Amino acid sequence: MTNEHMHELTSRRTFAIISHPDAGKTTLTEKLLLLGGSIRSAGTVKAKKSGKYATSDWMEIEKQRGISVTSSVMQFFYRGHHVNIVDTPGHQDFSEDTYRTLTAVDSAVMVIDGTKGIEAQTIKLFKVCRMRGIPILTFINKLDREGKEPLELLEEIEEVLGIESYPVTWPIGMGKRFQGTYDRFAKKIEVYRGNEESLFVDFDGENISDEVRQYVDASMLEPLSDELMLLEEAGNEFSVEKVKNGELTPVFFGSAIANFGVQSFFNSFLQLTQPPQPRMSSAGKIDIDYPHFSGFVFKIQANMNPAHRDRIAFLRVCSGKFERGMTVTLSRTGRKIKLGQSQQFLAADRETVDEAYPGDIIGLYDAGTYQIGDTIVGDGQAFQFEALPKFPPELFMKVRAKNALKHKHFDKGMTQLVQEGAVQLYRTPFFGDYILGAVGELQFQVFEYRMKAEYGVDLEFTPMRHSIAKWIPKDKVEKVSTDSRIILVEDLEGNPVLLFENDFVHRLFQDKNPDIKLMSILES
Ligand code: G4P
């Protein structure tokens, strides 16, 4: 392997930003893109928040989502690193794709609104990152506003999320009295100066120099020293190993809108995270320096251009080098495919990619060839990457074709869209009713629209009250007594799943059946 190739491999960082809507993910993304100089003006990314969608019109949704879709992956170059940010859609677009995206990244940045603390969507996304054991760095945002006490926020991280925390930076005041942050590693205060660029002043945490006094309000210095001492004495010890395994999250404070603390955070991020990590496959671990090309499809975006009804399969490159025009094999079918057209996504533009390395994400034109989780390999290879985990839906609908005579089209559309990962499908064991499961409402809307547009089938939906799905081991099924509040269904592969009406019913079931281990995420 040439030095140049090795550098391409080790200089990559592929991550997602996870947060609850409105915590500041878009604003932070914008500031990161500005760091890399790859966005014309801040605000480009923001345009995606274009209000409400017409619920029944998928093309309209697509049109409105234009920028959000094309900015699914953003790549930029910064301080010797090729950085890939993979977008996780906000609440309106929240779907299983959001979860699956997290299987394609090597680390995550968790943005928390300092005025609100940990919120629901953050918890869901965090759990998926945690399961994968990837490094998670935390950026506590909106320090320019009056928010929760920093110690309270750290406690929340530890208690609600169950991960150790280590504040790398520490805020000096907040809101109107926000003065800056102290970097415990660099032993410097980053002074907040409103619209002006930050200024850095040395401070060992105890001895207050004239320079420090010049920039930081005297009344803030003593509490700062006390808090720093408390962190040293009572806080967690820093461990690179724990960060690497996702057991400890380094925490940073700042204000994305004021572009304060963003650059120092990102510099630390690059140091604390690793190059793309190996993936398990049927042929063992595939490292990034494995000489042959390989990758897997984690997301399929349909109808990006309604005029052409095209689909884009998002592929995470895992080893080797992608070159446009290369011939690869789809492991599931053994079919050979020439990868002629491929795209990479940069802010609002689509760009053609000629080459890509492990860690990169490329979009492949798809005429119905790919399925979620597919492995693509080069040069006579034949392995498959581990299947992607399945995530439990929270919304359920019974579904059937309005016109029973259309059942062939219904079955065909159902099979194809479900394989593509648009929604999850369950059947009831005796009557064979179709039940669709989704994590976001949008998945149903898109499904309904596509069944009509692509298969000519009108659907009739009956919403269900159930909201929790858990996989149950096959050998425990006969011990279960079901009623209207707990129903037994099967997923597409015939794995038994229990649908519970709500968390109360679920907990009651667990109390009565402590020996049955229910699974929230099915990993094959
Ligand atoms: P999201 O992608 O996580 O949903 O959040 P986004 O960046 O869109 O930010 C949500 C709101 O929070 C926006 O205000 C944004 O300006 C604001 N915001 C982001 N970072 C900070 C920060 O550091 N401090 C403060 N005070 N506000 C911040 P908005 O009113 O919804 O939109 P806009 O009118 O400002 O565009």
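Met74 lies in strand β2, where strands are DSSP runs of E with at least two residues and helices are runs of H or I with at least four, both numbered from the N terminus. With 23 C-beta neighbours inside 10 Å, Met74 counts as buried, a class that requires 20 or more other C-beta atoms within 10 Å of the residue's own, whereas 12 or fewer make a residue exposed and values in between partly exposed, with C-beta atoms placed from the backbone. Met74 and Val160 are 86 residues apart along the chain, and their C-alpha atoms are separated by 31 Å. The model is a predicted one, in which local features need pLDDT of at least 70 and side-chain atom pairs count only at pLDDT 80 or more, while totals for chains, interfaces and linings use all residues. Residues are numbered from 1 along each chain as its sequence is written.

The strand that holds Met74 belongs to an open sheet of 7 strands with mixed pairing, in the order β2-β3-β1-β4-β5-β11-β6; two strands pair if DSSP finds at least two bridges between them. Because β2 (73–78) and β6 (164–167) each have a single partner strand, they stand at the edges, and one side of each is left without a neighbour in the sheet. From one strand to the next, the twist averages 30°.

Within this sheet, β1 (residues 12–19) pairs in the parallel sense with β4 (residues 107–113) over 5 bridges, and Ile18 stands opposite Met110 in β4. β1 also pairs with β3 in the parallel sense over 5 bridges, and there the bridge partner of Phe15 is Ile85 in β3. In β1, 8 of the 8 residues are buried, so the strand is largely enclosed by the rest of the structure. In a regular strand the side chains alternate between the two faces of the sheet. Both faces of β1 are covered, with Arg12, Thr14, Ala16 and Ile18 buried on one side and Arg13, Phe15, Ile17 and Ser19 buried on the other.

Helices lie across the sheet as well. Helix α7 (residues 150–161) lies across β4, β5 (136–141), β6 and β11 (248–253), and runs at about 150° to β6; such angles run from 0 to 180 degrees between N-to-C directions, with axes fitted to C-alpha atoms, for helices over the stretch in contact. Helix α11 (residues 262–272) lies across β1, β3 (81–86), β4, β5 and β11, and runs at about 165° to β11.

Helix α11 also packs with α2 at an angle of about 75°, their axes 10 Å apart. That makes α2 roughly perpendicular to α11, since 65 to 115 degrees counts as roughly perpendicular, under 35 as roughly parallel, over 145 as roughly antiparallel and the rest as oblique. Leu28, Lys31, Leu32 and Leu35 in α2 meet Val262, Gln263 and Phe266 in α11, contact being C-beta atoms, placed from the backbone, that lie within 7 Å.

Helix α2 (residues 25–35) also gives the largest share of the shell around the ligand, 3 residues. Of the 16 residues around the ligand, Gly24, Lys25, Thr26, Thr27 and Ile257 come nearest, a residue being near if its C-beta atom, placed from the backbone, lies within 6 Å of the molecule.

Over the chain, the secondary structure comes to 14 helices and 30 strands, and buried residues make up 43% of the 524 residues.

Note on methods:
Two residues are in contact if their C-beta atoms, placed from the backbone, lie within 7 Å.
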